[in-house]
There are 2 protein chains.
Amino acid sequence: MSTEPASFSNASAPRYQQLTDTLIHEIRSGQYPVGSLLPPEPRLIERFGVSRHTVREAVRRLAEMGLVARRQGVGTVVRARDRDTRYLASLSSLEELMQYTQQTRLKRLGERWVEADEALAALLRCKPGQRWLEFDTCRYPASGSEPFVHMVVYVHAAYESIRHHLDEGSVWFYGLIEKHYGEAIVEVQQETCAIAMSAHSARLLGVKPRSPGLQVVRYYLGRDDRMLSVSVNVYPAERFKVATRWRLERHESPAAEPSAPPPPGD
Amino acid sequence: MSTEPASFSNASAPRYQQLTDTLIHEIRSGQYPVGSLLPPEPRLIERFGVSRHTVREAVRRLAEMGLVARRQGVGTVVRARDRDTRYLASLSSLEELMQYTQQTRLKRLGERWVEADEALAALLRCKPGQRWLEFDTCRYPASGSEPFVHMVVYVHAAYESIRHHLDEGSVWFYGLIEKHYGEAIVEVQQETCAIAMSAHSARLLGVKPRSPGLQVVRYYLGRDDRMLSVSVNVYPAERFKVATRWRLERHESPAAEPSAPPPPGD
DNA sequence: AAGTGGTCTAGACCACCGA
DNA sequence: CGGTGGTCTAGACCACTTA
């Protein structure tokens, strides 16, 4: 039992905080490269001479910061060396600019269970064979009969019952999941690319097949990187633009290094 | 010991999750109005017949969602009936995912002074007649002869001399401005849309004219919203994807308001 | 089958706050 | 002072992944 002093200064800080600081520093120093595994909990317990609860609290905070991701049966994977805090954009500003606030109507075209084949599994980042609930929808401006986006939404089987709540106005799918399952959306990932429009999308949007379209895929992740929902949005080229704004942000002061060597670069 | 069944569905979900759901529902229903106190932990322990750990886990998630704030010595205050979603994305995560770090080569194709006509002025958001320095460039993967983006960069006349520094590896234009003029980039705006590719871009990228392309326009603004630089990036549809990641902002728990009135709706 | 993280209990002591 | 949430221990069993 080494019961390492855990750290330099901060002797008065809570034990878990000291662990958090130490681990942050070790991740930043490259001791645990991105993609590698943090030591499993039993090892951290030995090393720091604390209870499992304390170790878990420390690692939980690392996960909250996005530095690591925990995976049952696998371990704790390092995801990033630094918590990046320079330019920040909020998702809500994104939605505003997409004019998605109540001024649009959602129309449900269809709904069915799908089993992920190779291609769908790649899109949904899951294993082939998983079952998902698929919704086929279009979104219209509040006044106007031309839809401006064809949206296909996949919802994880565990949350299938949200389909009973889809009529409640212009709510978002992830909003429904949060509302009815108490499962917080902790991260949203978005991939944007240009495509030649499929026949199905083209027909719905009233444009020619294979004309340019903007495809935005959004991944909604819960705690520990569980994929809760995925939406595939296709916009006609002429009718849409995605705007985002990043602003220079204040540097979160504390948290970081007490006596530890200063971060490189930056 | 009532050991309440906690809720409607979700009988198989973890116990803390059932508590979370129940409490969310009760907050939303107005049973605990905004500003009031949630029952203290001992009461929740009795009511649900669970251990303190489980209660705390449930309440912790409410706090994470911003619905409540815990204050030592006071209690758990209800802060909102519904979740306010604040997600943040950092610009650096964007760049990472675009694989723009040193692994690409920039090739300068041309450089000239342009006077903004009506169309260019609209793009650059300036008045017609303004003079800008225009760079025509392509970006290549570190190994490979196929460019993956055609980039046209406009630099405000005041910073024209950066053209002498363009050879310093794979630096960004805005990096050069910050470096040589001490002018901080305070805000970055980005507009993404799909286009039919122009003949010029198509030739450079080796694709057919009018095939789908992804156009990303970035505006770099300095203090006082001065436009310092604008870059227009055109990517071929098959070869590129823009990825962005938003993470839930950490709700700094208590601390905040001493006596200040709580913020309204948000 | 072994090892990981996920959940949960039953205790304990502490720091903080308000009456 | 009494009650609140904050921290922490020492166990236990489970679900999941990998081999």
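**Cavity lining and DNA surface**

The lining of the largest cavity holds 4 nonpolar, 6 polar and no charged residues. The model is predicted: local features need pLDDT of at least 70, side-chain atom pairs pLDDT 80 or more, while totals for chains, interfaces and linings use all residues. Residues are numbered from 1 along each chain, chains are lettered from A and ligands numbered from 1 as written, and side-chain values use heavy atoms without hydrogens or water.

**Exercise 1.** Find what lines the largest cavity.

*Solution.* 
- Step 1: take the largest, with about 70 Å³ of space.
- Step 2: read its lining: Q190, T192, V242, T244 and W246 of chain A, and Q190, T192, V242, T244 and W246 of chain B.
- Step 3: assign elements. Strand 7 (187–196) and strand 10 (242–248) of chains A and B each supply at least two lining residues.

**Exercise 2.** Describe how the protein meets DNA strand D.

*Solution.* 
- Step 1: 23 residues surround DNA strand D (a heavy atom within 4 Å); R15(A), Y16(A), S51(A), T54(A) and R52(B) are the closest.
- Step 2: list polar contacts (N or O pairs within 3.5 Å). A polar backbone atom of E41(B) is 2.9 Å from a phosphate oxygen. A polar side-chain atom of T76(B) lies 3.2 Å from a phosphate oxygen. Q72(B) has a side-chain N or O atom 2.8 Å from a base nitrogen.
- Step 3: helix 3 of chain A gives the most to this surface, 3 residues.

Definitions and conventions. A polar contact is a pair of N or O atoms within 3.5 Å; within protein, one must be able to donate a hydrogen and the other to accept it, and residues adjacent in sequence count only if both atoms are side-chain atoms. Helices (H or I, at least four residues) and strands (E, at least two) are DSSP runs, numbered from the N terminus. On a 1 Å grid over the protein atoms alone, a cavity is a set of points where a 1.4 Å probe fits but cannot get out, and a pocket is an open set with protein on both sides within 12 Å along at least five of seven lines; lining residues have an atom within 4 Å of a point. Grid points are joined across faces, edges and corners, and a volume is the space filled by probe spheres set on the points. Ala, Val, Leu, Ile, Met, Phe, Trp, Tyr, Cys and Pro count as nonpolar, Asp, Glu, Lys and Arg as charged, and the others, Gly among them, as polar.
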